[in-house]
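I hope they are handy to have beside you as you look through the chains.

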Amino acid sequence: MAEVHLSKVVKRYGALEIVHGIDLDIAHNEFVVLVGPSGCGKSTTLRMIAGLEEISGGTISIGDRVVNSLPPRARNISMVFQNYALYPHMTVRENLGFGLKIARQSPAVIEQRVNEAADILGLSPLMDRLPANLSGGQRQRVAMGRAIVRNPDVFLFDEPLSNLDAKLRGQMRVEIKKLHQRVKTTVVYVTHDQVEAMTLADRIVIMRDGHIEQVGTPIDLFERPVNTFVAGFIGSPPMNQLEAMIGSRPAGPVAVLADGTELPLPPEFAGRVTADQAVIVGFRPENLYPAGHGIPAAGQTLDMDRTVSLSEPLGTETMLFLDFGGREVQAKMLNPRLVAPGERMPFKLDLGHLHVFDRASGKSLRA
Amino acid sequence: MAEVHLSKVVKRYGALEIVHGIDLDIAHNEFVVLVGPSGCGKSTTLRMIAGLEEISGGTISIGDRVVNSLPPRARNISMVFQNYALYPHMTVRENLGFGLKIARQSPAVIEQRVNEAADILGLSPLMDRLPANLSGGQRQRVAMGRAIVRNPDVFLFDEPLSNLDAKLRGQMRVEIKKLHQRVKTTVVYVTHDQVEAMTLADRIVIMRDGHIEQVGTPIDLFERPVNTFVAGFIGSPPMNQLEAMIGSRPAGPVAVLADGTELPLPPEFAGRVTADQAVIVGFRPENLYPAGHGIPAAGQTLDMDRTVSLSEPLGTETMLFLDFGGREVQAKMLNPRLVAPGERMPFKLDLGHLHVFDRASGKSLRA
Amino acid sequence: MLRSPRAIPYLLLLPSIVVIAAVVLVPVLVSLWSSFTPYNLTRPATLFTFVGWRNYQRLFANADFWWAFGRTLVFVTVALNLELVFGLALALLVNRVTTGRKTIRTIMMFPMMFSPILVGFQFKYVFNDSVGILNNALFSLGLITRPIPWLVNGALANFSILAAEIWMSTSIFAILLLSGLLALPQDPIEAAKVDGCNPVQVFRHITLPFLMPFIYIAMTIRSLDVARAYDMVRIMTNGGPAGRTELLWTLIARVGYQNSQMGMANAMGYVSILTSIAFTFYFYRKLSLSRRYMGGAE
Amino acid sequence: MSARMIEQPWQRWAIRFALFVALAILCIPGLWVVLTAFRPNVEIMARPPVWIPQHPTLDNFRRIFGLLPAEQQGLPVADYFRNSLVISVTSTIIAILVGMMGGYAFARFRFRGKKAMFLGFMLSRTVPGIALSLPLFIVWSRLGLIDTKIGMIVIYLAINIPFTIWLTDGFFRQIPVDLSDAAQIDGCTRWQAFWKIEFPLARSGLASAAIFAFLTSWNEYALAAQITRTTNAKTMPVGLMDFTAQFTVDWAGMSAMAVLIIIPALILTFIVQKHLIAGLTFGGVKG
Amino acid sequence: QEGYGKFDGYTLKVKLIGGTQYEKLYTRIPEWEKLTGAKVDIVSSKNHFDLDREIKQDIASGSISWCVGSNHTSFAPQYGDLYVDLKPLIPAETLADYVPATLKASEVDGRLVQLPRVTDVSNLYYNKDVYENPDIKAKYKAKFGTDLAPPKTYDEYKQQVIFLANPPNLYGTAFPGKDEGMTGRFMELVRANGGDMFDDKWNPTFNSPAGVAALQWFVDIYKAGAVPAGTVNYTWDDIGQAMAAGTLAIDLDWPGFAAFFNDQASSKIAGKVGFALAPVGSSGKRGGWSGSHSFSVTQACDNKKAAVSFITFMTNYDSEMMEARAGNLPTRTKVFADVEKEFRDKGNTYMAEMFGTWEKSLETARTPPLIPQWIEVSNVLWPQLQAAIVGQKTPKEALDKAASDAHDIMEDAGLLK
Ligand SMILES: Nc1ncnc2c1ncn2[C@@H]1O[C@H](COP(=O)(O)OP(=O)(O)OP(=O)(O)O)[C@@H](O)[C@H]1O
Ligand SMILES: Nc1ncnc2c1ncn2[C@@H]1O[C@H](COP(=O)(O)OP(=O)(O)OP(=O)(O)O)[C@@H](O)[C@H]1O
Ligand SMILES: [Mg+2]
Ligand SMILES: [Mg+2]
């Protein structure tokens with residue numbers, strides 16, 4: 001049993017406080033993904049859990065032991081370091097097998113486990129190279145392999161796939177998922193990749209500046225971000241966010257944009273907004289689409305003609321940039337065709353998926 | 001004028017040949033993105049262009065000078081190293097300003113340019129830190145900043161954004177685009193991010209194992225991959241590829257899958273396939289969708305009921321895994337709803353977007 | 001030619017080569033020649049009498065020489081290894097402290113400030129059996145009732161000069177290894193901790209391999225440098241009593257300068273050079289192997 | 001990353017204790033010499049022993065400087081000191097510069113004859129002093145370098161250069177090549193890249209080499225005794241032997257002189273050792 | 001007063017023994033410079049052994065560019081014809097002022113290659129705390145039937161030191177156990193026993209019965225614990241320190257220690273030191289090992305007159321008085337009497353007594369064999385002596401081995417007749 005509990009955990013470097021007393025309970029066998037902007041304290045948090053960084057305040061426990069002053073080796077964890085931290089004097093094979101050797105596994109077991117990991121990671125032809133003679137991605141895979149050959153209580157992954165190509169990353173993602181299902185360990189995983197976060201996580205933890213902003217299942221975070229930060233952070237391209245004032249209309253409250261456009265709010269906001277409240281209205285690019293080139297909205301839409309200022313074709317979809325409500329917003333065009341900048345097109349905004357946040361606090365006004 | 005020409009460039013480490021004589025012409029002011037699986041020789045190629053790696057064979061020229069034996073500083077390039085290579089004993093400010101100082105720019109100019117870059121990169125509060133006291137992403141931004149403060153003839157970027165969060169990465173992408181437009185330099189850019197590749201590149205170069213597989217505009221590569229490798233590499237999730245035999249039917253050639261399913265081929269393949277030819281048929285997950293949850297196909301579809309074995313909700317879309325043609329394939333469900341594994345749904349396969357490759361050579365059979 | 005990049009390493013090495021050649025090469029050739037002559041210091045003309053291998057033949061038949069030779073080998077081996085172990089331990093300790101680091105390091109190097117001759121006198125008095133401080137201390141503590149003749153008994157005398165040598169040189173190892181420790185990368189150590197290593201295992205599997213190149217460098221430097229101990233040994237025992245602490249260096253110096261038989265002394269010198277070369281070669285091989293992983297050109 | 005590791009209090013104390021013991025062992029024989037310098041001779045090797053000086057005195061120092069009425073003639077300590085300082089400092093600086101160049105060449109370049117040269121430098125140190133001293137003396141006397149500071153400086157260079165080369169070679173190898181690559185991309189010549197990037201990063205290594213080189217020259221006796229003769233070039237350790245006569249050794253005076261030798265060495269070492277810095281290359285490269 | 005000549009503008013290069021004990025004399029150099037108008041350039045100033053090594057190097061490298069060198073009777077034979085014969089250069093009447101035996105000992109092959117500056121010979125110092133202790137005296141008397149007084153013979157010496165030893169606080173005596181000191185003390189006893197180191201034909205004879213008896217004497221007192229066990233490693237300074245520390249009852253030692261032993265600041269036995277003549281051996285003679293520090297003039301000197309003037313000045317009456325006042329044995333007959341008187345007048349009977357005692361012993365004093373090979377022979381001899389003393393060999397075995405090695409050396413040198 002390896003649940004991980006962080007309670008009021010603080011990290012200071014000298015006078016500089018980096019992590020401001022975070023609380024987090026991770027259940028046994030849970031897969032938690034940590035996301036957040038660069039420099040928000042993700043790695044530091046992992047390193048504190050691993051025991052590599054002194055904890056300036058609060059407690060961390062693994063299982064039912066408070067581990068604050070336990071050395072890393074007593075915590076039974078595996079970690080993929082953001083900067084790999086390979087053993088430069090050992091070959092790939094030795095790097096992979098080192099943890100097992102220390103755990104006094106028999107050579108046969110080591111051999112087998114190492115080869116297995118190497119196969120998964122596509123490292124087999126490189127087993128006798130030194131890290132210095134590997135490419136960036138190959139090094140990262142070695143770092144990954146070193147973690148997965150072991151059977152720890154907790155896996156800590158710090159951006160383990162960031163330097164791999166999309167295809168390999170996809171494969172690895174599946175392998176990690178399998179691994180997690182097979183060995184039933186607790187995983188804390190840092191990533192900047194939205195797809196990874198969404199597909200792997202049981203729960204996602206969003207950090208900002210050493211605080212936790214929201215914890216929840218992927219879909220939760222995606223559909224019910226508690227504030228503008230989370231809304232802007234989850235989903236790529238990010239949610240369009242526009243300043244607006246609440247107006248009350250007979251049919252219900254509307255959001256009045258800077259250019260006077262009125263967006264009728266979904267019924268769930270009735271009673272949660274007050275007239276003349278300064279708010280932020282958000283909608284994802286997916287919900288703004290050229291007519292006929294999107295997922296037809298289930299409910300009401302706002303229809304308009306807009307000039308496209310820039311288009312970014314991505315293959316099966318194209319991102320379109322256009323002015324709306326006094327700002328540049330992004331729209332997503334499925335079933336794409338070539339769009340030249342300057343082209344005027346009819347757009348539809350799916351009003352059923354509007355998000356509304358209080359402008360002062362940034363907090364979501366949804367239930 | 002800084003076009004870059006690689007002609008029969010070979011790189012060997014001892015007896016091991018890593019780059020096998022590649023040819024590549026990059027026009028002045030072109031933005032070329034290098035993609036390829038981990039370890040295929042992207043970094044090596046950049047480093048040879050930069051003059052950091054001896055060229056074992058062939059020639060590289062920048063502008064109209066053959067630079068094979070010119071030292072790096074004579075080539076007037078900026079480079080972001082995959083492993084950052086920050087000056088550990090200099091503060092962020094000094095790291096950023098170093099190149100300018102060496103070029104004997106006046107302190108005022110240095111100050112201004114460094115601050116500008118720091119602003120773009122969000123490094124301003126960290127200017128007096130040493131690299132050792134930065135987070136991974138912050139280090140990467142310093143590496144990036146060091147390159148962009150200068151005005152070189154050629155920019156070389158080696159996975160410059162891999163450790164940044166999606167939001168920042170989006171911003172940075174825009175900045176790079178702006179930079180490129182402003183200073184009119186030639187850029188060679190290595191990335192594993194499909195969106196980056198698609199949005200930034202004038203042309204994408206796909207490498208595999210030290211060879212160039214295909215060079216073309218992003219849309220070109222996406223829509224007309226020359227072989228199964230490119231088809232599988234561009235697009236995420238990757239194209240579904242199934243083994244099939246060509247059968248000839250009165251209505252035109254069909255691909256017969258392992259389970260006997262027949263897929264009528266788009267008309268463009270008529271005359272390009274022969275009966276009983278062993279082929280690979282490919283289609284992107286976007287073109288296989290639960291009825292009502294996809295972009296309605298323009299032409300013919302294949303309709304079928306299938307059991308979903310696994311679903312991965314990603315927010316605005318959900319990936320579904322199902323058996324088809326004797327293999328597990330991925331389908332994309334737009335306008336998603338919760339799908340439980342085991343649920344049986346009606347699927348549509350858009351037959352207008354089929355790709356067909358010769359099975360032996362992997363080559364595309366399209367014109 | 002000189003401007004071509006290929007010349008750069010040679011240019012960089014040129015000053016070193018010139019100095020070494022000037023100071024070492026010519027003298028070495030002269031002394032090599034003289035080892036084939038009956039060269040006597042006070043009779044310069046003897047430098048031009050060639051006697052072939054006579055000096056060497058006599059040498060090989062000389063039991064005293066071989067005793068001194070063997071004793072020197074043992075002395076060097078034991079001294080170096082102990083100094084290494086102590087120096088390493090010291091460096092590791094000093095590396096761990098965070099407060100008063102500068103002072104502690106300086107104190108650590110304290111014995112290095114002592115000129116070897118001074119160390120000779122110092123330890124001669126320390127080990128003096130009747131008025132030396134060691135025996136005095138042992139008496140005061142009531143540990144002995146009869147003075148211990150440190151510099152007389154064969155084993156004790158060798159122990160004593162060994163102790164002096166170790167005292168004098170452990171710091172050198174410590175400082176060289178400390179600077180190696182300072183350059184130690186932190187990442188692999190952290191990785192090893194996470195991989196389950198206890199401090200000893202971290203040391204064994206990470207720290208030590210990283211230090212190995214520095215250890216070999218320090219070993220090489222010291223193995224060639226122990227001859228510094230000559231000044232010290234000469235003053236402490238000058239090889240006595242009854243040749244029990246005779247080392248090559250005391251023997252050679254006595255033969256060469258006191259007895260004026262430079263030719264013979266140089267022959268002895270060459271036997272020891274050949275041994276040193278073997279040592280050096282061994283260390284060089286080890287060094288190259290141990291830093292295979294390091295950056296830099298092979 | 002300069003992580004501060006988890007360390008139990010008992011560990012901290014154990015380390016402090018072990019260190020204290022180690023330093024005590026290192027210091028006591030030396031401190032005894034220092035104390036001797038401040039004792040009258042009666043106390044030095046007395047039976048029963050006198051541990052703490054009962055009658056501390058500066059007479060031993062006064063004697064050195066000729067300040068005692070009985071001894072009008074002091075030793076030319078000022079000259080010895082000047083010679084020692086000039087010789088040691090100059091030879092150290094040059095040895096570090098020249099050796100560093102060599103070390104850099106070995107660490108960063110491939111070239112023909114590299115192994116042979118590296119070995120050659122090593123082998124140059126295998127020659128025992130005795131085989132060197134006389135021929136060296138002969139050559140030096142032909143060149144007029146006997147009893148000159150230059151003569152000593154050159155000799156110490158030859159002693160100090162080889163190990164400076166090995167040591168700096170080791171340290172330059174520890175510095176990721178990518179850093180100098182980055183500097184060259186930033187427009188540096190190789191020379192600039194060296195001075196601005198690699199040199200500062202090799203600082204610890206250079207400092208330890210410098211300390212070692214300096215103390216070696218500062219304390220060297222055998223060759224100095226041979227090549228130097230007068231106040232022109234005689235160094236402090238040779239001056240130390242002024243306290244030995246045919247039948248006597250003035251141990252008190254010698255100890256006082258030793259103190260005079262040790263103090264400047266301590267000061268210089270203290271100054272230089274601040275460059276021994278941990279983790280100079282941390283944070284530079286990833287992986 | 002002698003005339004010292006005029007050498008205006010000439011620079012005399014000299015190579016002098018250095019060290020605090022010897023340099024006091026050099027304060028007189030300016031006076032000579034004033035007298036003669038010459039300048040003195042001290043091209044080297046080193047201790048005894050280093051100076052020897054340096055001179056050998058100069059010979060080897062052919063770089064004799066100096067005129068005057070410090071010398072010593074033990075070293076002089078090695079230098080061959082480096083130095084001139086002074087007899088023709090110094091007036092006989094001047095030479096007559098020196099102690100004849102000392103001057104004689106300064107000759108090598110009949111050539112006066114050096115002008116002696118201070119002489120050394122050993123006599124007994126004893127600790128009055130021990131020798132005048134009624135308790136000890138009574139016990140001694142009870143045991144041997146004679147009064148306890150400084151020994152007259154080596155046998156008595158042995159008996160006393162064994163009796164008096166009470167380690168670790170008090171030893172009977174100590175002797176230098178290595179290097180030339182060991183050889184010298186042995187030689188002294190061999191000669192006192194009627195033997196010698198070589199016969200007329202330069203055959204080593206120290207393994208004669210007289211030699212064996214001499215070595216046996218050392219072995220006996222060593223075995224009996226009358227000397228510190230470490231004595232085999234002692235050199236003069238160790239013995240001096242031990243004596244000054246009050247841990248020796250009696251000490252056969254050099255005159256230079258007299259002042260040291262009586263100095264409150266350096267010695268615990270100050271005021272309690274007595275002198276006695278060195279004991280005699282079985283032949284009834286004293287062994288009297290002596291040697292002198294001296295000055296020599298090189299053959300290569302370009303102005304031998306100036307050089308001779310310099311060395312005469314440095315050993316003239318005033319110079320010698322200066323040396324004597326510092327406690328060194330002068331080499332001029334008159335100075336002995338004068339300095340003794342001077343000390344007595346000043347109430348320093350201690351030093352006066354010292355000069356009296358030592359002057360007596362000079363008559364029978366002898367140098368080691370004045371041959372270049374002496375040091376080399378000594379170097380084969382003392383390790384063997386040590387071997388016997390520490391019980392590794394019998395005296396006979398040890399001496400036979402040394403004699404055979406010495407024989408080889410003499411043969412190689414072509415000295416054997
Ligand atoms: N010093 C070396 N010796 C031998 N092989 C090397 C050396 N350096 C790199 N390689 C090999 O060269 C190949 C190309 O390396 P390169 O760094 O160019 O890959 P890459 O395309 O940048 O990969 P990544 O995306 O993982 O960074 C890799 O297979 C790598 O293992
Ligand atoms: N040694 C240090 N001293 C001071 N500040 C530090 C130190 N190490 C890290 N920091 C700061 O702590 C903050 C958190 O760092 P951390 O490495 O945890 O970020 P992160 O969330 O992992 O970011 P990234 O995604 O960029 O890796 C950063 O702002 C960083 O600048
Ligand atoms: Mg991080
Ligand atoms: Mg790469």
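Contact here means heavy atoms within 4.5 Å of each other. Please keep in mind throughout that this is a predicted model.

1. Residues 24 or more positions apart account for 65% of the contacts in chain C with a separation of 6 or more. The secondary structure is simply told: chain C has twelve helices and zero strands. Of its 298 residues, 65% count as buried. Along the principal axes, the C-alpha atoms of chain C fill a box of roughly 75 × 70 × 30 Å.

2. For chain D, an unreviewed UniProt entry places the feature "transmembrane region" at residues 13-35, 85-106, 118-138, 150-172 and 251-272. Two of these spans are worth a look in the model. Residues 13-35 of chain D are 100% helix and 0% strand, with end C-alpha atoms 30 Å apart. Residues 150-172 of chain D are likewise 100% helix and 0% strand, and their end C-alpha atoms also lie 30 Å apart.

3. Across the boundary, 13 residues of domain 1 of chain D are in contact with twelve residues of domain 2 of chain D.

4. Is helix α8 (residues 177-185) of chain D enclosed by the rest of the structure or open to the outside? Eight of its nine residues are buried, so α8(D) is largely enclosed. The buried set is Asp178(D), Leu179(D), Ser180(D), Asp181(D), Ala182(D), Ala183(D), Gln184(D) and Ile185(D). What do they pack against? Their partners are α1, β6, α2 (92-102) and α4 (136-148) of chain B, together with α9 (190-201) of chain D. Just after α8(D) comes Gly187(D), which takes a positive phi of about 105 degrees.

5. Six strands of chain B form an open sheet with mixed pairing, in the order β6-β7-β8-β3-β9-β10. Its edge strands are β6 (77-80) and β10 (211-216) of chain B, each of which pairs on one side only. From one strand to the next, the twist averages 15 degrees.

6. Within that sheet, β3 (residues 31-35) and β9 (residues 203-208) of chain B pair in the parallel sense over four bridges. Val32(B) has Arg203(B) as its bridge partner in β9(B). Helix α1 (residues 42-50) of chain B lies across β3, β6, β7 (154-158), β8 (186-190) and β9 of chain B. Relative to β7(B), this helix runs at about 155 degrees.

7. On to chain A and its metal. Which protein atoms are donors to the magnesium ion (ligand 3)? They are OG of Ser43(A) and OE1 of Gln82(A), lying 1.8 to 2.1 Å from the ion. The pair links distant parts of the chain, 39 residues apart: Ser43(A) is in helix α1 (residues 42-50) of chain A, while Gln82(A) is in the loop between β6 (77-80) and α2 (92-102) of chain A. Ser43(A) counts as buried because its relative accessibility is 15%, where the cut-off is under 20%. Gln82(A) counts as buried too, at 11% relative accessibility.

8. An unreviewed UniProt entry places the feature "domain: ABC transporter" at residues 4-234 of chain A. Over those residues, chain A is 37% helix and 26% strand, and the end C-alpha atoms are 24 Å apart. The domain assignment of chain A gives domain 1 (4-233) and domain 2 (240-358). Their C-alpha centres lie 38 Å apart, and seven residues of domain 1 of chain A are in contact with five residues of domain 2 of chain A.

9. A last stop in chain E: Ser292(E) is found in strand β10 (residues 290-297) of chain E. Is Ser292(E) buried or exposed? It is buried, with a relative accessible area of 2%. Leaving aside residues up to four places away in sequence, Ser292(E) touches Asn71(E), His72(E), Thr73(E), Thr102(E), Pro116(E), Val118(E) and Thr119(E).

Note on methods
Residues numbered from 1 in each chain as written. Chains lettered and ligands numbered in written order. Predicted model: local features only at pLDDT ≥ 70, side-chain atom pairs only at ≥ 80, totals over all residues. Heavy atoms only, no water. UniProt positions renumbered as here; feature names shortened; annotations may be inferred. Helix = DSSP H or I, 4+ residues; strand = E, 2+ residues; numbered from the N terminus. Pairing = 2+ DSSP bridges. Axes fitted to C-alpha atoms, helices over the stretch in contact; angles between N-to-C directions. Donors = N, O, S within 2.8 Å, 3.2 Å for Na, K, Ca; no water. Buried < 20%, exposed > 50% of the residue type's maximum accessible area, 1.4 Å probe, protein only. Domains from an automatic or database assignment.
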